[in-house]
Amino acid sequence: MKPLFYIALLFIPSIIHAADSDLPDLTGTTVKGLSIEIFSQLSPLRINQIHSWHIRILDNNNQPQLATNLEISGGMPEHDHGLPTQPQITSRLDNGDYLLEGVRFHMQGLWQLHINLQHNGSDDQAVIDFNLQ
Amino acid sequence: MKKSLSFIAIFILLAIVVWNFLSIPTAIRWSDEELSLIASLSLDALPPLTPDPSNHVSDNTTAAKFGHRLYFDTRLSSNKQISCASCHQPELMFTDGLPLAVGVESGPMHTPSLVGLAYSPWYYWDGRKDSLWAQALAPLEAKHEHATDRVQLVNLITNDAVYRAMYEKAFGPLPDDLRLPPSATPNGDMEQQANWNRLDSQTQTTVSRIFSNLGKAIAAYERKLIPGPAKFDRHVAQLAQKTNAEQDSIMSNAEIAGLKLFIGKAQCATCHNGPLLTNHEFHNTGVLAPSGQLPSMGRYNGIRLAREDPFNCLGKFSDAEAKDCVELRFARDSNDLVGAQKTPTLRNVSLTAPYMHGGQLSTLEQVIEHYDKAPTSMLNHNEAKALGLRAIEKSQLKDFLLTLTAPLAVEEKWLRAPE
């Protein structure tokens, strides 16, 4: 079972970075090629503490992009349940980042985030998998 | 032929016995990942309790002394026999030893422990309250618990010289011009509600504010009920100082094997995580409803009740600004919360039997058996999966759970009624 688990980890596209304000805590790519960078107020990420994220959406030229209807959901596929909270985008910051409030994780293990947005009038989405220790 | 069949039968029987009951005496070596997880369960990882922004007296000693007195006072009940301490008994780690709580009448739920509860964002098995003080108010008016009401309590506080002085020291002067009936509340029987509706809205608000302050004082007291370091915590402290090869004796081999199961195969630490061994969240684990009861809707209803509660973080009796009420503002609604109940702490679990939201399981053995089987849930689905534990593993798991018992980290005077 354990080797399978580690093999599965190799396929996880995102990486959790160590605490460093310059590096995103989570990264992903949308179906249409936009980069998603997540900077957590609580870094490194840990369980049982509610906090906020800054979400940066970049095009191929690393330019911040305007997204509408940006929504984040997620859960633990292994346990058939969602996030314990319902985080929401509450504002767009001066640098173009989006402020997501109300993020909390309540279990260690494999989490999956679903990011849905509209960009230039069309729907786009990203899935970010990560292992929270 | 007959002989060889007998030999095979005996061999199989022996193999089953060995597989189930024999412990393999190999030293457990922890990986760095396991050591980190174990350290996260230790009380050394518990951060200091931060003030509750919705309760401006949350860390006020004057309020805690007042709350301490209220907590043990049976005059806060209709029959003058029930106090908070009747169900949340200090000697049972603030539980009552009963399957279902018994106040003035028998209630529908099991009494949870109050130990370490101040760290939780949610209260009640279904999380219908979002602060310790808002929680403390509900039993006072609940028909099966204290069965009193806010006007009776305001009359008691204003007419009792000791209480009046304590209240005013903590919260400022009480009004002198309150003209109240003996009994009234918006939540009571028809007469209590009629009395309540006859009060003007300013008086209603004044009464509810005094009532909410009683909850805030009780919460200031209850915040002192913090668990103390147990055998497990001492073992973790030792682990941090010694290498794998040197680890010995604070916990026995069986208890250490149980810890390995707790964070691994038995998956207990998935929800019973952090230093209080709870994620303060809501899970459906397929526990049957108590006999004679319909299955509880759990958190699915609880979050609706929390949002409607006039004493919640966003309400006019809260001292918080809206920005402080993040848990309530971003709480989740979802059908998968049907039947989900709050994860209780496992600190002192050996002293808090029976177990589960309706006290359905009498012993730790039954609890371990329940999670080993992971039965189908009556409502929604059981998040837990069957574990396939061997008999020896179940026993080791219980041995580990018994290492979580310790006296509270609080002065003894707070654990008995005040002089």
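**Chains A and B, a quick chat**

Me: Let's start with chain A of this predicted model. Among its contacts between residues at least 6 apart in sequence, what share joins residues at least 24 apart?
Reply: In chain A, 48% of those contacts link residues that are at least 24 apart.

Me: Thanks! How many helices and strands are there in chain A?
Reply: Chain A has one helix and nine strands.

Me: What percentage of the chain A residues count as buried?
Reply: That would be 29% of the 133 residues in chain A.

Me: OK, over to chain B. How is chain B divided into domains?
Reply: Domain 1 of chain B takes in 27-49 + 228-298 + 338-404, and domain 2 covers 61-225.

Me: How many Å apart are the C-alpha centres of those two domains of chain B?
Reply: The centres lie 32 Å apart.

Me: And how many residues are in contact between them?
Reply: On the domain 1 side of chain B there are 22 residues, which are in contact with 23 residues of domain 2 of chain B.

Me: What sort of residues does domain 1 of chain B put on that side?
Reply: The side of domain 1 touching domain 2 in chain B has nine nonpolar, 11 polar and two charged residues.

Me: Now helix α3 of chain B, residues 61-71. Which of its residues are buried?
Reply: Those are Ala63(B), Ala64(B), Phe66(B), Gly67(B), His68(B), Leu70(B) and Tyr71(B).

Me: Nice. What covers the buried residues of α3(B)?
Reply: The cover includes α4 (84-87), α7 (161-171) and α9 (201-222), which also belong to chain B.

Methods
Residues numbered from 1 in each chain as written. Chains lettered and ligands numbered in written order. Predicted model: local features only at pLDDT ≥ 70, side-chain atom pairs only at ≥ 80, totals over all residues. Domains from an automatic or database assignment. Contact = placed C-beta atoms within 7 Å. Nonpolar A, V, L, I, M, F, W, Y, C, P; charged D, E, K, R; others polar. Buried ≥ 20, exposed ≤ 12 C-beta atoms within 10 Å, placed from the backbone. Helix = DSSP H or I, 4+ residues; strand = E, 2+ residues; numbered from the N terminus.
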